Amino acid sequence: MSSPHRPLAGKPHRPQSAAIAALAVTLTRDSTGAPPTEIRMIPAGAFRAVDGRPENLPGWYLDGTLAAPMVAAAAARRSDYVIDYEHQTLLASQNGKPAPAAGWYHTLEWREADGLYAIDVRWTPAAAQMIADEEYRYVSPVFGFDTKTGAVRSLACAALVSNPGLDGLTDLGASLERLAAGLIANEDHNPMEELIERLRYLLNLPITTTADEIVTHLEKLIAQIVAVSPEGGAAASLDLVGTISRQQEQLVTLQAQLQAAPDPAEYVPLVQLKAVQDELASLLQAQLKGSIERLIEQGLAQHKLLPAQIDWARELGSINIALLARHLDTTVPIAALDGTQTGGVAPGGAAADLDRTDAQALANAALAWQATQAAAGISVPIYAAVKHVATPV
């Protein structure tokens, strides 16, 4: 006699309605405490949740015949199945929170009298650590089933959960109803659903994304492509493949240019360039020194610079020649240097014809003698210079 949970043999059963359920399954770690790489998602035969579901049915049911299309569908998928935390992938559109992945799997395997297994589970480091620390001990697969027979027809996703009695039906609410629209059991091939699934994969969208939401994402993508490559969107329809091909060609061209040997006609070896730079710097330095010396000679000739100031003038000119030139332009000639070397003052005393009653004549003679002594490297205060020239020879 056929099982009361299994569809009758013969004509393929076409369910009139379907629903989605979430079930909690215990995770079994190996002897080292590492998280499992194989998980029995759904047990074989008839089964129920610990909270008594499904209601109004003897139970859910899965056998090899029902599992075969699920295994084939997984093999045909280009994207992996996600394992998240607490079914946040389904709740993200409602609570706006991120839905990080805890792990991924791609391959399903039916094991007779045992159940449907995910056999290539890959955990993220964070999830592996939480499982090792027993922060999460259960995985909750989300599957579609026939509400008339309880037959399991599809597997959607899974989540790490901490409560073995969590069914997800209350919290997931509308998200499960929305997911059911894409997982209603149908043994006929559905090319539109396959297209939507591939678009979700292409755009990296959650499995609950509707066709309208996919259209919205596609419109944003088209706007971005047109903004970057206006010629790609100039035609009546966007040539996405052509646009990508052109960008790849441009990338290949740029890489070839970077890897190509430099043209000797356009580039100079660094050694030669440095030699030219050093020679130019030497010439500029020589020109600068010549300009400084000419300014100093001019300043001395115009009595705007004392011999004792020559070293200072050279240092200032080497730092800022324009500042030295401006200083000499604005300096008033030293009147005491316009006369004789001793300013008319006889060496060792005042000039014989110096009018000692003329204060200005005394001052001029004192300044002239002071300058003469400074040129010889002798510093004489002004009062000593006045006393010297005021003393009769």
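Strand S12 (residues 152-161) is a well-covered piece of this protein, with 10 of its 10 residues buried; buried here means under 20% relative accessible area, exposed means over 50%, and partly exposed lies in between (1.4 Å probe, protein chains only). The model is a predicted one, in which local features need pLDDT of at least 70 and side-chain atom pairs count only at pLDDT 80 or more, while totals for chains, interfaces and linings use all residues. Residues are numbered from 1 along each chain as its sequence is written, and side-chain values use heavy atoms, with hydrogens and water left out. Helices (H or I, at least four residues) and strands (E, at least two) are DSSP runs, numbered from the N terminus.

Strands of a sheet pair through backbone hydrogen bonds, in either a parallel or an antiparallel way. With strand S11 (residues 138-146), S12 runs antiparallel, joined by 8 bridges.

Strand S6 (residues 81-85) runs parallel to S12, and 3 bridges join the two. Asp-84 has Ala-159 as its bridge partner in S12, and Tyr-85 stands opposite Leu-160 in S12. S6 also pairs with strand S7 (residues 101-105), this time in the antiparallel sense over 4 bridges. Asp-84 turns up here too, with Ala-101 as its bridge partner in S7. Since 5 of the 5 residues of S6 are buried, S6 is largely enclosed by the rest of the structure. Tyr-81, Ile-83 and Tyr-85 point one way from S6, Val-82 and Asp-84 point the other way, and all are buried.

Elsewhere there is an open sheet of 3 strands, in the order S3-S9-S8 and with antiparallel pairing. Strand S3 (39-43) and strand S8 (108-111) stand at the edges with a single partner strand each, so one side of each has no neighbour in the sheet. From one strand to the next, the twist averages 30°; axes are lines fitted to C-alpha atoms, for helices over the stretch in contact, and angles run from 0 to 180 degrees between N-to-C directions. S8 pairs with strand S9 (residues 115-118) over 4 bridges in the antiparallel sense, and Leu-108 stands opposite Ala-118 in S9. Helix H1 (residues 64-76) lies across S3, S8 and S9 and runs at about 160° to S8.

On the surface, Leu-367, Ile-382, Tyr-383 and Val-386 form a nonpolar patch with about 380 Å² of accessible area together. Patches are made of residues with over 30% relative accessible area and no salt bridge, with like charges joined within 9 Å and nonpolar side chains (Val, Leu, Ile, Met, Phe, Trp, Tyr) within 5 Å. A salt bridge is a side-chain nitrogen of Lys or Arg within 4 Å of a carboxyl oxygen of Asp or Glu. Helix H13 (residues 382-390) gives the most to the patch, with 3 residues. Ile-382 is found in H13 and is partly exposed, with a relative accessible area of 42%.

Overall, the protein has 13 helices and 12 strands, and buried residues make up 35% of its 393 residues.

Conventions. Pairing = 2+ DSSP bridges. Contact = heavy atoms within 4.5 Å. Areas by Shrake-Rupley, 256 points an atom, 1.4 Å probe, with all protein chains shown as cover.
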